[in-house]
Amino acid sequence: MKRFATFLLACMLLSACGYAFAQSEQDPYTLRLYYNPDGGQYIHADANCTSVSAKFLPLQPLPDELLARMKAPCPYCAEIMAPIFSASGSENMPNLQADVYQTTLSVPEWEDNRVYRIHITDKDDPARAFTDLLFPSMEGVDGLAPLLRFEDMNFDGYPDLKTLRSQGASNESSTYFLYNPTDGQFHHEPAFRTLSNYTLYPEHKLISSYLHDSASTGVHSLYRVGEDGLPMLFREASVLYDERSNWEKIRVTVVSYDPAGAETILLDEVWERFTDDADFQACAQKWEGLFYEGLPEDVR
């Protein structure tokens, strides 16, 4: 989009730093700019910026043709700062770079998560413009995992974006943006949000995911990536403490899902708590046999 290339060029004349703006209320993951059509000269991040008289609120979306004429980002609702984290594209598109900026924004549906902005550039084509993206995170740059990385999540040969939302001792939650080669942009895709501790199998177009619960319990999931580039859950195994026994016993289930989402229960058993490794291995051998049945040997 030309508007972002023009705007960022104007910003370079003011500062070598980056800018953070407010998100669209319709899509909290995509940047939106505002202005006061009644003589306003600033580019605003907030449609209800407190620096503007109430009689001019809410501010209006900024048209492309006016972007280059605006004076500068509003000092009240746009914060100037340097990127806190950068990542380069994967081996199939190493020319891409994503810079992450802090913002002072808040998004109600993201609760108390920090809001970060992603600005993407093409080192081989500086004039190429990407839509700036926003993502929520409870983490900072000093966490156990990087805030952002490029990874081909849907096996189409193009790098996608994975942004870290939260990182615990055993599990993580992320937000994903898939690259669309048709428009050359990254778009938020919620279908991947259930993944945790995943492994990608590009040659089989499979994704395995594991949600850790305790040393001996958790949920294993297998996804197929379809022609639409989205993951479809087709098998799930859960080894969890059973609420029906007041959490004293362990319930083990294996469920298979067809393309329409209809489920077939392959296993549903209750075990006593594992007292030694032999009990644990006997249980694992039973559910793993059903869970991995028919899959390539390297998908484990």
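Start by selecting strand β19 (residues 250-257) together with β20: the two pair in the antiparallel sense over eight bridges. Two strands count as paired if DSSP finds at least two bridges between them. The strand and helix names come from DSSP runs (helices are H or I of at least four residues, strands are E of at least two), numbered from the N terminus. Within this pair, pick out Val 255, which stands opposite Ile 265 in β20.

A word on what you are looking at: this is a predicted model, in which local features need pLDDT of at least 70 and side-chain atom pairs count only at pLDDT 80 or more, while totals for chains, interfaces and linings use all residues. Residues are numbered from 1 along each chain as its sequence is written, and side-chain values use heavy atoms, with hydrogens and water left out.

**The six-stranded sheet**

Now widen the selection to the whole sheet. It is open, has six strands in the order β15-β16-β17-β18-β19-β20, and its pairing is antiparallel. β15 and β20 stand at the edges with a single partner strand each, so one side of each has no neighbour in the sheet. From one strand to the next, the twist averages 10°. Angles here run from 0 to 180 degrees between N-to-C directions, and axes are lines fitted to C-alpha atoms, for helices over the stretch in contact.

**Salt bridges**

Which side chain does Lys 286 meet in a salt bridge? Its partner is Glu 269, at 2.4 Å from N to O. A salt bridge here is a side-chain nitrogen of Lys or Arg within 4 Å of a carboxyl oxygen of Asp or Glu. Lys 286 belongs to helix α2 (residues 277-291) and Glu 269 to strand β20 (residues 263-271), so the pair ties together parts that are 17 residues apart in sequence. Lys 286 is partly exposed, with a relative accessible area of 40%, and Glu 269 is partly exposed at 23%. For these words, buried means under 20% relative accessible area, exposed over 50%, and partly exposed in between (1.4 Å probe, protein chains only).

Next, select Asp 242 and Arg 244, whose side chains meet in a salt bridge (3.1 Å, N to O). Asp 242 is buried, at 5% relative accessible area, whereas Arg 244 is exposed, at 57%. A search of the whole structure finds eight salt bridges.

**The four-stranded sheet**

Move on to the open sheet of four strands, ordered β11-β12-β13-β14 with antiparallel pairing. Its edge strands are β11 (148-151) and β14, each pairing on one side only. Neighbouring strands of this sheet are turned by 30° against each other on average, direction ignored. β11 and strand β12 (residues 160-167) pair over four bridges, and here Glu 151 stands opposite Asp 160 in β12. Glu 151 also meets Arg 149 in a salt bridge (3.2 Å, N to O); Arg 149 is partly exposed, at 31% relative accessibility.

**Stops in the loops**

Most residues other than glycine have a negative phi, and most peptide bonds are trans. Select Leu 57 and Pro 58: the peptide bond between them is cis, with omega near -5°. Pro 58 sits in the loop between β3 (42-43) and β4 (60-61).

Then go to Glu 111, which has a positive phi of about 55° although it is not a glycine. Glu 111 is in the loop between β8 (96-102) and β9 (114-122) and is exposed, at 64% relative accessible area. Asn 197 also has a positive phi, near 50°. Look for Asn 197 in the loop between β14 (185-188) and β15 (199-201); it is partly exposed, at 33%.

Finally, select Cys 49 and Cys 74. Cys 49 is buried, at 1% relative accessibility. Cys 74 is in no disulfide (a pair of cysteine sulfur atoms within 2.5 Å), and the nearest cysteine sulfur, that of Cys 49, is 3.8 Å away. Cys 74 is buried too, at 2%. The structure holds zero disulfides.
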